[in-house]
Amino acid sequence: MKNLKILMTAFIAGLGLLSFTTKAHKIGEPQKINAASSVKGYEVGDEAADFKLKNIDGKMVSLSDFKAAKGFIVVFTCNHCPYAKKYEDRIVELDKMFKDQGYPVIAINPNDPNVQPEDGYKQMIERAKEKGFTFPYLVDEGQKIYPLYGATKTPHVFILQKENGKNIVKYIGAIDNNYENPKDVSEYYVQNAVNALIKGEPVNMTKTVAIGCTIKAKK
């Protein structure tokens with residue numbers, strides 16, 4: 001009986017501590033939450049919001065600037081990530097392949113340069129010049145856009161199609177199924193999806209798992 005009373009006392013004390021902790025979080029300063037964890041992001045079929053981000057030429061760029069575009073290949077990527085580097089030439093190739101058909105590449109660097117200095121704005125300019133980027137390379141200052149889209153990796157692709165003035169998400173995920181060697185690719189996810197949209201056909205593979213480095217969020 002004595003042991004039972006001790007256990008009951010400890011249990012009640014534990015409940016009191018839990019209640020105090022919960023109240024402390026409610027009335028104290030708000031807990032710091034990573035932006036990526038607080039936003040679910042888009043699913044296929046959702047309308048994607050436009051944005052206005054700074055390009056490497058210093059100009060502000062929005063999706064609405066591309067009046068003739070039928071859609072977009074939005075790629076969240078960066079300078080330092082080994083996976084992103086492996087895909088750079090393929091991203092350039094996608095832009096060359098589809099820009100004139102109405103689906104240009106829009107690259108966005110989501111990383112905080114204070115966390116990863118190699119992804120700073122100056123380094124973005126240098127990298128784009130070195131690799132011969134043929135597309136906008138935008139900086140997500142304030143890290144407001146990548147959590148809105150739900151990007152978690154670099155690279156992470158969102159294919160959009162214009163429908164009745166809206167940008168509708170048609171595909172989310174990886175570029176293809178082999179980041180190491182383009183010669184060993186057997187599934188061209190992005191290429192197949194855009195080709196289907198151009199032909200007016202449904203996208204067979206609408207979602208895959210993005211393979212890459214985690215996005216470096218502000219601490």
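This report describes how two helices, α3 and α6, pack together in a predicted model.

Residues are numbered from 1 along each chain as its sequence is written. Because the model is predicted, local features need pLDDT of at least 70 and side-chain atom pairs count only at pLDDT 80 or more, while totals for chains, interfaces and linings use all residues, and side-chain values use heavy atoms, with hydrogens and water left out.

The chain holds 6 helices and 10 strands, where helices (H or I, at least four residues) and strands (E, at least two) are DSSP runs numbered from the N terminus. Of its 219 residues, 42% are buried, meaning under 20% relative accessible area with a 1.4 Å probe and protein chains only.

Two packed helices are described by the angle between their axes and the distance between the axes. Here α3 and α6 pack at an angle of about 10°, with axes 11 Å apart, the axes being lines fitted to C-alpha atoms over the stretch in contact and the angles running from 0 to 180 degrees between N-to-C directions. The two helices are therefore roughly parallel, a term for angles under 35 degrees.

| Helix | Residue range | Residues in the contact |
|---|---|---|
| α3 | residues 82-98 | Leu 94, Met 97, Phe 98 |
| α6 | residues 189-199 | Val 190, Gln 191, Val 194, Asn 195, Ile 198 |

Contact means heavy atoms within 4.5 Å.

In α6, the buried residues are Tyr 189, Val 190, Ala 193, Val 194, Ala 196 and Leu 197. Seen down the axis of α6, these residues fall within an arc of 155°, so they line one face of the helix, the arc being taken from the directions from the helix axis to the C-beta atoms. They pack against α3 and the strands β4 (71-76), β8 (156-163) and β9 (166-173).

Technical notes
Parallel < 35°, antiparallel > 145°, perpendicular 65-115°, else oblique. Buried < 20%, exposed > 50% of the residue type's maximum accessible area, 1.4 Å probe, protein only.
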